[in-house]
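I opened this notebook to record what I looked up in one protein model.

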Amino acid sequence: MSKTLFEKIAAREIPAKIAYEDDLVLAFHDINPQAPTHVLIVPKKPIVRIGEANAEDQQMLGHLLLKAAEVARALGIESTGYRLVVNNGRDAGEAVPHLHVHILGGRKMNWPPG
Ligand code: AMP
């Protein structure tokens, strides 16, 4: 099977500004930032979207969220606040079929989201 875009970033086949990496996850700056800080954190396992994750992914998904918080702290947006976003499917605007959590911060966000 061909690699997903984010697998290619993890393999350093496509350049990205890496913010964090371990055995299970990779965080890198979004190429089209929607906030002063916009980082994506992805599992290295190419789960297509959260709706396709299963029980065997439970530990990794917990790790992904804990690391998202750690990356946000390291990027200096914890005290002002940040938003984590997971787009699942067409209506949510999912564009890349490899699960990713957006970490957005550095500006005031609106609620409800658009
Ligand atoms: P989503 O709409 O939730 O699927 O988000 C996909 C995100 O991937 C968008 O915010 C894009 O800007 C981002 N993106 C696409 N290609 C790249 C890339 N080569 N490097 C970093 N971010 C990317």
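The entries below cover conventions, the sheet, its strands, a pocket and some single residues.

**Conventions**

I am working with a predicted model, in which local features need pLDDT of at least 70 and side-chain atom pairs count only at pLDDT 80 or more, while totals for chains, interfaces and linings use all residues. Residues are numbered from 1 along each chain as its sequence is written, and side-chain values use heavy atoms, with hydrogens and water left out.

**Entry 1: the sheet**

I took helices (H or I, at least four residues) and strands (E, at least two) as DSSP runs, numbered from the N terminus. Two strands pair if DSSP finds at least two bridges between them.

I looked up the strand order and found an open sheet of 5 strands, 1-2-3-5-4, with antiparallel pairing. Strand 1 (18–21) and strand 4 (82–85) are the edge strands, each pairing on one side only. On average, neighbouring strands of this sheet are turned by 20° against each other, direction ignored. For such angles, axes are lines fitted to C-alpha atoms, for helices over the stretch in contact, and the angles run from 0 to 180 degrees between N-to-C directions.

I then asked what packs on the sheet. Helix 2 (residues 58–74) does, touching strand 1, strand 2, strand 3 (37–43), strand 4 and strand 5 (101–105). Its direction makes about 160° with that of strand 3. Contact here means heavy atoms within 4.5 Å.

**Entry 2: strand pairs**

I noted as background that strands of a sheet pair through backbone hydrogen bonds, either parallel or antiparallel.

Strand 1 and strand 2 form a hairpin with 3 residues between them. Strand 2 (residues 25–29) is joined to strand 1 by 3 bridges, and the two run antiparallel. Isoleucine 18 stands opposite phenylalanine 28, and glutamate 21 stands opposite leucine 26.

On to strand 3: 5 bridges join strand 2 to strand 3, again in the antiparallel sense. Leucine 26 faces valine 42 of strand 3, and alanine 27 stands opposite isoleucine 41.

Strand 3 also pairs with strand 5, antiparallel, over 5 bridges. The bridge partner of histidine 38 in strand 5 is leucine 104.

**Entry 3: burial of the strands**

Strand 2 is largely enclosed by the rest of the structure because 4 of its 5 residues are buried.

**Entry 4: the largest pocket**

I searched a 1 Å grid over the protein atoms alone; a pocket is an open set of points where a 1.4 Å probe fits, with protein on both sides within 12 Å along at least five of seven lines, and lining residues have an atom within 4 Å of a point.

The largest pocket has a volume of about 840 Å³, taken as the space filled by probe spheres set on the points, which are joined across faces, edges and corners. Its lining has 33 residues, and Asp30, Gln34, His38, Asn87 and His102 lie nearest the centre. The lining divides into 17 nonpolar, 10 polar and 6 charged residues. Here Ala, Val, Leu, Ile, Met, Phe, Trp, Tyr, Cys and Pro count as nonpolar, Asp, Glu, Lys and Arg as charged, and the others, Gly among them, as polar.

Helix 1 (5–10), strand 2, strand 3, strand 4 and strand 5 each supply at least two lining residues. Helix 1 gives the largest share, 3 residues.

**Entry 5: single residues**

Methionine 60 lies in helix 2 and counts as buried because its relative accessibility is 10%. Leaving aside neighbours within four places in sequence, methionine 60 is in contact with Leu24, Pro43 and Ile47. Methionine 60 and leucine 24 are 36 residues apart in sequence and 7.0 Å apart in space, C-alpha to C-alpha.

Aspartate 23, in the loop between strand 1 and strand 2, is exposed at a relative accessible area of 73%.

I checked the backbone last. Most residues other than glycine have a negative phi, and most peptide bonds are trans. Arginine 12, in the loop between helix 1 and strand 1, has a positive phi of about 65° although it is not a glycine. A cis peptide bond joins tryptophan 111 and proline 112, with omega about 5°; proline 112 is in the segment after strand 5.

Conventions:
Buried means under 20% relative accessible area, exposed over 50%, partly exposed in between (1.4 Å probe, protein chains only).
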